[in-house]
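The exercises below are meant to be worked through with the sequence and the coordinates open side by side. Each task is followed by a solution that goes step by step.

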Amino acid sequence: MIDIQLVRRDPERVRAALARRGDDFDLDRLIASDARWRAQTGRRDEVRGRIKSLSRDVGEARRAEDAGRTEELAGQSRSLGQEEKSLDAEVAALEAERRELLLLIPNLPDPEVPDGRSPADNGVRRWWSPGPGSEGRSEPPDPSEYGPHQRVPHWEIGAQLGVLDMERGSKLSGSMFPVYRGLGAKLLRAMNAMALDRHADAFEEIRPPTLVRTDTMVSTGHLPKFADDAYHIERDDLWAIPTSEVPLASLRRGEILAEGDLPVRLTAGTSCFRREAGSAGRETRGVLRVHEFDKVELFAYTTPRQAQEMFGEIVGRAEGLLRELGLAYRVVDLCAGDLGQASARTYDLEVYAPGSDQWLEVSSVSWCGDYQARRASIRYRPADGSGPAYVHTLNGSALAPGRPWAALVETGRQEDGSVRLPECLRPYLGGAAEIPAP
RNA sequence: GGAGGGAUGGCAGAGCGGCCGAAUGCGAGGCUCUUGAAAAGCCUUGGGAUGCAAGUCCCCGUGGGUUCGAAUCCCACUCCCUCCGCCA
């Protein structure tokens, strides 16, 4: 959540920042609620203070065996108790209201974030496509370089080669649950393994639970606002994670870290679950939008000073994997209106899929500032001896193999219908260099 | 799933219902002594709300209750440990 102090001190700044997002949050309601809460809390605390001091006097009177005075003071305290009780109930209600409002406010966009309301306003920061040299080219891909054999969508290729079975996935679990088969399944596993291995130099590998408590979902900003997007298991009141960002952010929830331990770099590969409510339609063909998919996530806790550099590091690492896979991609700077709830700045990596002539979002790197750290109460003790301060959190997909899988089979498709697989995956594929033509 | 035991400050570990936000030890930081180090001695050492500040208030797993007054008593929940059952 955002800093309530900032809302009090400079409401116009907060209002302006929220307006950039196109958010319709009613800030005045929060300001009023906060003011009421403060006023009543002050009154309650004053009454409590009087009760405390009276109670001490009761103790003294009792020790002095002054029964009359004891009863008199106790009586005074008793009647204050009534007052305290009703004030306390009021404070509790105001506190709940204030918190509820506060949890709904999205993060404030960083000033560098481009203006805009829709994906059309996003800024492309750079392009990359493979060849001709080993460095690749920093320019948009040339459509004429893709032959007609590559202009086939991945779901057709997958069915043709027997490596993707959407129909049977539907039989098991409904639409948008793919079944990968044979080399298709291996290819997915290979990319997961590679993504995890590539960051083992600096990121600690975590295998977290994929079912989590409500608090864990609240910490990242996925609840309470986006409850409809997540799977919820009623019986045990657990949520299926939409990304391993969720458990990784809560790993150190409620803790105070030593500055010397920062940055903390974590990586995890898990299944991710999304209901994708109301997204039936054209963009849901094949594996592009599914309810369950694998993703290898990079996550970091940093000091505010380290955040910028970490953002670059994570983007760079995600780019590195796409280059290794030989996929053409572009780096997109999300505009204010397209940012996620918790993010102050996001770069998306989009891969070019020739089969459907589309750019597919395959990675999203976000700097959340202290927004999640406030929700989850994750702080660090600055080395200079000042009081605990909130950490910054950053997250990004290293690789979410589903969509790259699609881009890979389209890009690698040969004229004879076989699919050529990238060099870097061979060690993970038992040496296989292609998915043979049927 | 059944039966027991437990949850207190960075850690360990006390705590008759009444100055207990909390003894003590360890750890950590500072200082003294020392050529330096060790040892010793002295001092400091949780978090939060509110307030310009002084201060006031809250936090002893969480939430309720009893009481003039709760870390201490009662209830519920959560988590941890031990044993039994089940199981990959």
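A residue counts as buried when its relative accessible area is under 20%, as exposed when that area is over 50%, and as partly exposed in between. The model is a predicted one, and every value below is computed from it.

**Exercise 1. Salt bridges and accessibility**

Solution. 
- Step 1. Glutamate 71 has a relative accessible area of 45% and is partly exposed, while arginine 78, at 52%, falls in the exposed class.
- Step 2. Arginine 426 is partly exposed at 22%, and glutamate 423 is exposed at 58%.
- Step 3. To place these examples in context, a search of the whole structure gives 31 salt bridges. A network of such bridges links Arg44, Asp45, Arg48, Glu84 and Asp88.

**Exercise 2. The nonpolar cores**

Task: State how many residues the largest nonpolar core has and which of them have the most contacts inside it, and then find which residues leucine 187 touches.

Solution. 
- Step 1. The largest nonpolar core has 57 residues, and those with the most contacts inside it are Leu187, Met191, Leu325, Trp405 and Leu425.
- Step 2. Helix 10, which spans residues 304-325, supplies the largest share of this core, namely nine residues.
- Step 3. When residues up to four places away in sequence are not counted, leucine 187 touches Trp405, Leu408, Val409, Leu421, Leu425 and Leu429.
- Step 4. Another core lies apart from the largest one; it has 18 residues, including Ile4, Ala17, Phe25 and Ile105.
- Step 5. As background, nonpolar side chains in soluble globular proteins tend to be buried together.

**Exercise 3. Aromatic rings and a charge over a ring**

Task: Describe the geometry of the aromatic pair of tyrosine 180 and tryptophan 405, and explain which parts of the chain this pair ties together.

Solution. 
- Step 1. The count of aromatic pairs, taken with ring centres within 6.5 Å, comes to seven.
- Step 2. In the pair of tyrosine 180 and tryptophan 405, the centres are 5.1 Å apart and the planes stand at 70°, an edge-to-face arrangement.
- Step 3. Because tyrosine 180 lies in the loop between helix 6 (166-173) and helix 7 (182-198), and tryptophan 405 in helix 12 (residues 402-411), the pair ties together parts that are 225 residues apart in sequence. Tyrosine 180 is buried at 18%, and tryptophan 405 is buried at 0%.
- Step 4. Tyrosine 352 and tryptophan 359 form a tilted pair, with 5.3 Å between centres and 55° between planes. Here tyrosine 352 is buried at 6%, but tryptophan 359 is partly exposed at 23%.
- Step 5. Both of these residues belong to one aromatic cluster, formed by Trp127, Tyr146, Tyr352 and Trp359.
- Step 6. A ring can also face a charge, as where the charged end of arginine 98 sits over the ring of tryptophan 37, 4.1 Å from its centre.

**Exercise 4. An enclosed strand**

Task: Explain why strand 9 is described as largely enclosed by the rest of the structure, and name the strands with which strand 9 pairs.

Solution. 
- Step 1. Five of the five residues of strand 9 (residues 329-333) are buried, so this strand is largely enclosed by the rest of the structure.
- Step 2. Tyr329, Val331 and Asp333 point one way from strand 9, and Arg330 and Val332 point the other way.
- Step 3. Strand 1 (residues 123-128) pairs with strand 9 in the antiparallel sense over five bridges, and in this pairing glycine 123 has aspartate 333 as its bridge partner.
- Step 4. Strand 10 (residues 345-353) also pairs with strand 9 in the antiparallel sense over five bridges, with valine 331 standing opposite leucine 349.

Note on methods. Residues numbered from 1 in each chain as written. Chains lettered and ligands numbered in written order. Predicted model: local features only at pLDDT ≥ 70, side-chain atom pairs only at ≥ 80, totals over all residues. Heavy atoms only, no water. Core = buried A, V, L, I, M, F, W, Y, C linked by side-chain atoms within 4.5 Å. Buried < 20%, exposed > 50% of the residue type's maximum accessible area, 1.4 Å probe, protein only. Helix = DSSP H or I, 4+ residues; strand = E, 2+ residues; numbered from the N terminus. Contact = heavy atoms within 4.5 Å. Phe/Tyr/Trp six-rings, centres within 6.5 Å; stacked < 30°, edge-to-face > 60°. Lys NZ or Arg CZ within 6 Å of the ring centre and 35° of its normal. Salt bridge = Lys/Arg side-chain N within 4 Å of Asp/Glu carboxyl O. Pairing = 2+ DSSP bridges.
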